[in-house]
Amino acid sequence: MATQLKIKKGDTVQMLAGKDRGKQGRVLEARPRDNKVIVENLNVVKRHQKPRPMRDASRMGGTQMSPGGIIDRAAPVSVSNVMLVCPTCKQPTRVGYHFKEDAKSGHAVKVRVCKNDGCGQEIDR
């Protein structure tokens with residue numbers, strides 16, 4: 001069974017460890033099964049790539065090739081090494097949960113909340 005992450009795609013996070021410690025970036029992909037996230041422009045590694053023909057290239061003309069060479073790519077980072085940045089107070093924060101009643105359906109909805117002193121705002125809007 002996959003675990004649930006407190007960080008989602010599109011969140012702004014701050015790196016806590018590693019070569020990019022202190023920098024902030026947006027989450028491009030969350031991988032709950034591996035407990036990892038990919039953060040835009042952080043934990044960038046170089047990969048050597050061969051030129052390859054592109055899939056579903058245009059039917060007109062010859063085959064199109066994807067470029068080869070040394071490519072910079074963001075590598076996955078453990079969720080324990082990043083911390084969510086509250087959109088309201090702009091500070092790295094731990095994530096709490098509150099249950100709020102949904103206006104449309106009337107059911108209780110789980111909402112992420114900032115745990116910083118004096119903030120307490122909802123992270124999910």
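I take buried as under 20% relative accessible area, exposed as over 50%, and partly exposed as in between (1.4 Å probe, protein chains only).

**Entry 1: ground rules**

The model is predicted, so I keep local features at pLDDT of at least 70 and side-chain atom pairs at pLDDT 80 or more, while totals for chains, interfaces and linings use all residues. Residues are numbered from 1 along each chain as its sequence is written, and side-chain values use heavy atoms, without hydrogens and water.

**Entry 2: salt bridges**

Side chains of opposite charge can pair when their charged atoms come close. I call a pair a salt bridge if a side-chain nitrogen of Lys or Arg lies within 4 Å of a carboxyl oxygen of Asp or Glu. How many salt bridges does this rule give? The count is 7.

**Entry 3: Arg 112**

I looked up Arg 112 next. Its side chain forms a salt bridge with that of Asp 11, at 2.7 Å from N to O.

Is Arg 112 buried or exposed? Arg 112 counts as buried because its relative accessibility is 3%. Asp 11 is buried too, at 10%.

I then checked Asp 124. The side chains of Arg 112 and Asp 124 make a polar contact at 2.9 Å. A polar contact here is a pair of N or O atoms within 3.5 Å; within protein, one must be able to donate a hydrogen and the other to accept it, and residues adjacent in sequence count only if both atoms are side-chain atoms. Asp 11, Arg 112 and Asp 124 are linked in a network of salt bridges.

**Entry 4: Arg 26 and Arg 31**

Which residue does Arg 26 pair with? Arg 26 forms a salt bridge with Glu 40, with the closest N and O atoms 3.2 Å apart. Arg 26 is in strand β2 (residues 24-31), while Glu 40 is in the loop between β3 (36-39) and β4 (44-49). They are 14 residues apart, and the pair links distant parts of the chain. Arg 26 is partly exposed at 40%. Glu 40 is partly exposed at 29%.

I also found a salt bridge between Glu 29 and Arg 31, the closest N and O atoms being 3.0 Å apart. Glu 29 is partly exposed at 34%. Arg 31 is partly exposed at 29%.

**Entry 5: positive phi**

Most residues other than glycine have a negative phi. I noted Asn 35, not a glycine, with a positive phi of about 60 degrees. Asn 35 sits in the loop between β2 and β3 and is partly exposed at 38%. Asn 41 also has a positive phi of about 60 degrees without being a glycine. Its place is in the loop between β3 and β4. Asn 41 counts as exposed because its relative accessible area is 65%.

**Entry 6: positive patch**

Which residues form the positive surface patch? I list Lys 6, Arg 94, Lys 110 and Lys 115. Patch residues have over 30% relative accessible area and no salt bridge, with like charges joined within 9 Å. I looked up Arg 94 in particular. Arg 94 lies in the loop between β9 (82-84) and β10 (95-101). It is exposed, at 64% relative accessibility.

Key
Helices (H or I, at least four residues) and strands (E, at least two) are DSSP runs, numbered from the N terminus. Patches are made of residues with over 30% relative accessible area and no salt bridge: like charges are joined within 9 Å, nonpolar side chains (Val, Leu, Ile, Met, Phe, Trp, Tyr) within 5 Å. Accessible areas come from the Shrake-Rupley method with a 1.4 Å probe; for residues, only the protein chains shown count as cover. Lys and Arg count as positive and Asp and Glu as negative; His and the chain ends are not counted. The place of a charge is taken as NZ of Lys, CZ of Arg, CG of Asp or CD of Glu.
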